[in-house]
Amino acid sequence: KHKFWETQPVRQFKDIGDTSIPEGPIEPPTPLSEVKQEPYNLPSAYEWTTCDMDSEEICNEVYALLKNNYVEDDENMFRFNYSKEFLRWALRPPGYYRSWHIGVRAKASKKLVAFITGVPARIRVHDKVVKMAEINFLCVHKKLRSKRLAPVMIKEVTRRVHLENIWQAAYTAGVVLPTPVTTCQYWHRSLNPKKLIDVGFSRLGARMTMSRTIKLYRLPDSTVTPGFRTMELRDVPAVTRLLRNYLSQFVVAPVFDEDDVEHWLLPTENVVDSYLVESPENHEITDFCSFYTLPSSILGNQTHSTLKAAYSYYNVSTKTPLLQLMNDVLIVAKQKDFDVFNALDVMQNESFLKELKFGPGDGQLHYYLYNYRVRNALKPLELGLVLL
Ligand code: MYA
Ligand code: JJ1
């Protein structure tokens, strides 16, 4: 059934329940000298290119490929529209490798027709910290689908990750492959219900009018938690401590140092927003929350072309109840003109979703590890990892 995935070192459906296979790497690393030195072969009309995301021109090409060909919902009404600033942020974290930003061009026209990326990360699985690649932005132009290009791209990124002596990877997908570590549910909190209904993102509930719906989702004009403010550079050490301690409770979670926190969580306009609670008494940083900005193109609507969505990222509560913290972040997102606030049921998100009027979406997100077997599938609340 999965002609490609059956050949890969990933947990296979057939060994579900087999407790005799130990947790950890599925195959051992090979000596670097034995890693294939040349790129995999592409169909003869295409060639590999390494995409330099520092280049304005190449960043534009990647942006356009994804804007027109990347992930859609199951009814093809919306398509992710990652901004250029977002792509630069997502692809250039501390220690990134330019060689992991892989494109495919048509030889004749030089047009960019496919893309796949990796970035390095340290991810803890139970008590082992493993160097991994986070794989994202796999995209094949709509006109080149179903020609088995994706397996070649996955093998090529794998080869280039191996060349850096890294042997594991983490990735998410909307499709089921062998074999999810866990499957998460998307939840959505309407901030601009009229627009969401007008564009078909949501529907008027039974026995609901538009004005009752608008009232239902109305939020206060300002946040309520004393000491709630935007994260700044000087907060990096305190946020790192808070987050490292918080993430230690999950079975799978990233291990962040201060450089990672500065990159991934220090606010970047229209990319990532982070807030914290600084105790007005002793100036201690006690709570933290963040979201990233990922708009979607609205396909074929006369009046609206973009859906402005915020996605819950990492949140930590030690003193402010998580519910109150998340309500404040909804208020901020509304002030910033987002149409919807999205979250997965990862970490402790279940505890606020229903109460804060999130509703389940029609999409799921499956989490995977490459060349690492976890004995038992996780519950979403055991997962402390959010990929972009
Ligand atoms: S997830 C986002 C993926 N992108 C999209 O959904 C955008 C829109 N779709 C497309 O661009 C294409 O449909 C793609 C497939 C490119 C997805 N992950 O070439 P094909 C398998 C993994 O004929 P196409 C993200 O970015 C499929 O099961 N495999 O198909 C994370 C089949 O294999 P098998 C996938 O539709 C990506 C084969 O590909 C996915 O033209 C993580 C068919 O190939 C998918 N999302 O192209 C990648 N979709 O026969 C893995 C289909 O066995 C990383 N397939 O069922 C692994 C770790 C690598 C690093 C390791 C380091 C050590
Ligand atoms: O956004 C998603 N679904 C929306 C829109 C559905 C449009 C018709 N298919 C949705 N809306 C309902 C909202 C409603 C608001 C009021 C309360 C009740 C709910 O459900 C879905 C997620 O639910 N998104 C997608 O399908 C996009 C793809 C998701 C897989 C992503 C793979 C990413 C790969 C990463 O590397």
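Two strands are counted as paired if DSSP finds at least two bridges between them. In this predicted model, β2 and strand β12 (residues 296-298) meet that criterion, pairing in the antiparallel sense over 3 bridges. Within this pairing, Phe80 stands opposite Ser296 in β12. The two strands belong to an open sheet of 3 strands, ordered β2-β12-β13 and paired in antiparallel fashion. Its edges are formed by β2 and β13 (306-307), each of which pairs on one side only.

The protein chain comprises domain 1, spanning 5-174, and domain 2, spanning 183-382. Strand β2 covers 78-80 and contributes to the side of domain 1 that touches domain 2, whereas its partner β12 covers residues 296-298.

A further pairing involves β6, which covers 168-173. This strand runs antiparallel to β17 (residues 359-370), to which 5 bridges connect it. Here Tyr171 stands opposite Tyr368 in β17. Strand β17 is also joined by 6 bridges to β7 (residues 182-190), again in an antiparallel arrangement; in that pairing, His188 stands opposite Gly359 of β17.

The interface as a whole can now be considered. The C-alpha centres of domain 1 and domain 2 are 26 Å apart. Contact between them involves 52 residues of domain 1 and 46 residues of domain 2. The area buried between the two domains is about 4,500 Å², with carbon and sulfur atoms giving 56% of it. On the side of domain 1, the residues that lose the most area to domain 2 are Phe78, Trp89 and Arg124, which together account for 18% of what that side buries.

Polar interactions also cross this boundary. Between domain 1 and domain 2 there are 29 residue pairs in polar contact, and 3 salt bridges are found across the interface. Arg122 and Asp260 form a salt bridge, their closest N and O atoms being 3.1 Å apart.

Which elements supply the side of domain 1 that touches domain 2? At least two residues each come from β2 (78-80), α2 (84-91), β4 (112-125), β5 (128-140) and β6 (168-173). The largest share, 6 residues, is that of β6, the strand that pairs with β17. By residue class, the side of domain 1 that touches domain 2 divides into 26 nonpolar, 11 polar and 15 charged residues.

Terms used:
Residues numbered from 1 in each chain as written. Chains lettered and ligands numbered in written order. Predicted model: local features only at pLDDT ≥ 70, side-chain atom pairs only at ≥ 80, totals over all residues. Heavy atoms only, no water. Domains from an automatic or database assignment. Contact = heavy atoms within 4.5 Å. Buried area = accessible area lost by both parts, 1.4 Å probe. Salt bridge = Lys/Arg side-chain N within 4 Å of Asp/Glu carboxyl O. Polar contact = N/O pair within 3.5 Å; in protein donor to acceptor, adjacent residues only side chain to side chain. Helix = DSSP H or I, 4+ residues; strand = E, 2+ residues; numbered from the N terminus. Nonpolar A, V, L, I, M, F, W, Y, C, P; charged D, E, K, R; others polar.
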